[in-house]
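Here is a short briefing for a reader who is new to this structure. Start with the model itself, then take the points by topic.

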Amino acid sequence: MTETTKSRPEDEVVGICRDLIRIDTSNYGDGSGPGEREAADHVDRLLREVGLQPEVVESQPGRASVVVRIPGADRSRGALCVHGHLDVVPANADDWSVDPFAAVEKDGCIWGRGAVDMKDMDAMILACVRHIAREGIVPPRDLVVAFFADEEAGGVHGSHHLVEHRPDLFEGVTEAISEVGGYSVTVPTADGGEKRAYLLQTAEKGIAWIRLTATGRAGHGSVPNDENPIARLAEALSRLAAHKWPREFIPSVRTLLDRLSEITGVAYSDEDLDELLDHLGGAQGFVRGTLQDTSNVTMLDAGYKHNVIPQQAHANVDCRFLPGHEDDLMQTIRELVGEHVEVEVLHRDIALDAPFDGALVEAMVAALRSEDPEAEVLPYCLSGGTDNKALSLLGITGYGFAPLRLPADLDFAPMFHGIDERVPTESLRFGARVLQRLLETC
């Protein structure tokens with residue numbers, strides 16, 4: 001992409017997003033994907049075109065992240081990290097109605113893997129940072145702008161690598177903003193109207209990706225066997241699936257529910273939330289996932305021949321826990337699977353909980369209302385995770401703020417990791433304006 005004479009972020013954000021989607025950065029989680037180097041080099045060029053001096057850091061060949069610092073007016077203030085990730089989850093082209101890496105523009109949207117998660121936000125960040133550099137704008141405080149590798153596999157080769165090996169890049173950073181927050185949902189009001197509510201992500205559940213290994217007695221498939229590891233694993237998984245994790249509403253979730261109840265006029269109880277949550281449309285899935293800890297079986301592996309009982313059987317389980325629940329969750333998992341099943345933690349990451357107040361939150365709310373004056377801004381907890389987890393190890397408080405004003409009929413949230421992922425071009429332009437306002441007032 002060549003340097004454009006247009007200086008407003010909204011003028012180039014759509015083109016930047018399209019170009020990023022066309023670079024396949026699929027992350028299969030096993031090192032077999034194309035990596036992020038091509039995308040990192042593209043980002044590096046876009047930043048250097050406007051006179052910035054970013055640093056590209058590789059954790060392994062092809063696994064590249066990009067970081068650049070923009071000095072602010074008050075160097076004594078804590079810096080703000082604005083970050084995205086360059087990798088995407090894989091996409092099976094046969095399942096899509098368009099080529100997932102062609103960045104097709106139709107029906108007012110850009111379609112493609114990463115349009116929602118999160119090359120849309122990457123494009124907004126790049127458009128705003130390029131504008132700041134071209135116009136010589138000095139932000140109120142230092143900005144550290146980062147584009148990480150490997151977020152979709154836990155950030156081991158991206159944010160966690162930089163936090164461990166290059167913490168100097170984040171010196172003085174106290175707060176951060178990134179993905180999965182700041183987008184709108186349209187909800188009915190108690191007086192029969194409608195209102196846009198923007199979900200500002202203030203908390204994240206923790207991650208425990210575990211592998212279950214059931215052991216037993218190998219033997220011939222024709223011989224009765226009361227130590228069959230596949231049967232033992234199946235019984236363990238049935239107990240996991242049947243377990244009802246107790247509900248606990250952390251402050252961000254309680255505030256969201258209470259405020260949503262006030263807006264819609266729909267009462268709720270801790271046991272009966274369905275009518276209230278239905279008003280969130282597709283976004284309710286993220287919220288439902290934060291009402292309690294969760295454990296979902298995602299992979300199975302057992303046996304090697306039809307007439308052979310194997311000695312082991314395996315399953316992978318994706319567990320997510322609320323802040324402060326990790327130890328209780330792991331103890332419960334071990335009790336449920338039983339004595340014949342070993343529990344191995346393949347990857348873990350912490351839960352986060354940030355306050356829904358303070359100068360940065362006020363600046364985010366003001367930036368949204370500068371473009372949508374009647375907007376409601378509500379906190380929420382993310383059932384998944386972001387690179388804010390890694391940055392928190394450096395004492396950095398993170399929020400999810402990728403601002404998008406969305407059409408009321410667009411089922412947006414289910415497109416995270418979904419099929420036919422797409423983002424409206426007008427939403428991108430809106431987001432670029434809001435993000436620019438925030439970076440100039442943060």
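Gly 62 takes a positive phi near 90° in the hairpin of strand 1 and strand 2. Two residues lie between these strands. The model is predicted.

**The hairpin**
- Strand 1 covers residues 55-60, and strand 2 covers residues 63-70.
- The two strands pair in the antiparallel sense, over five bridges.
- Val 57 stands opposite Ser 65 in strand 2.

- The whole structure holds 31 salt bridges.
- Glu 55 forms one of them with Arg 166, with the closest N and O atoms 2.6 Å apart.
- Glu 55 lies in strand 1 and Arg 166 in the loop between helix 4 (159-165) and strand 7 (173-178), so the pair ties together parts that are 111 residues apart in sequence.
- Glu 55 is partly exposed at 32% relative accessibility, and Arg 166 is partly exposed at 21%.
- Asp 301 and Arg 211 also meet through their side chains in a salt bridge, at 3.8 Å from N to O.
- This pair links distant parts of the chain, with Asp 301 in strand 12 (residues 294-302) and Arg 211 in strand 10 (residues 206-215), 90 residues apart.
- Asp 301 is partly exposed, with a relative accessible area of 41%; Arg 211 is partly exposed too, at 22%.

**Other salt bridges**
- Asp 11 and Arg 8 form a salt bridge, their closest N and O atoms being 2.9 Å apart.
- Asp 11 is partly exposed at 30%, and Arg 8 is partly exposed at 44%.
- A network of salt bridges links Glu 12, Glu 49, Arg 130 and Arg 134.

Key
Residues are numbered from 1 along each chain as its sequence is written. This is a predicted model: local features need pLDDT of at least 70, side-chain atom pairs count only at pLDDT 80 or more; totals for chains, interfaces and linings use all residues. Side-chain values use heavy atoms; hydrogens and water are left out. Two strands pair if DSSP finds at least two bridges between them. Helices (H or I, at least four residues) and strands (E, at least two) are DSSP runs, numbered from the N terminus. A salt bridge is a side-chain nitrogen of Lys or Arg within 4 Å of a carboxyl oxygen of Asp or Glu. Buried means under 20% relative accessible area, exposed over 50%, partly exposed in between (1.4 Å probe, protein chains only).
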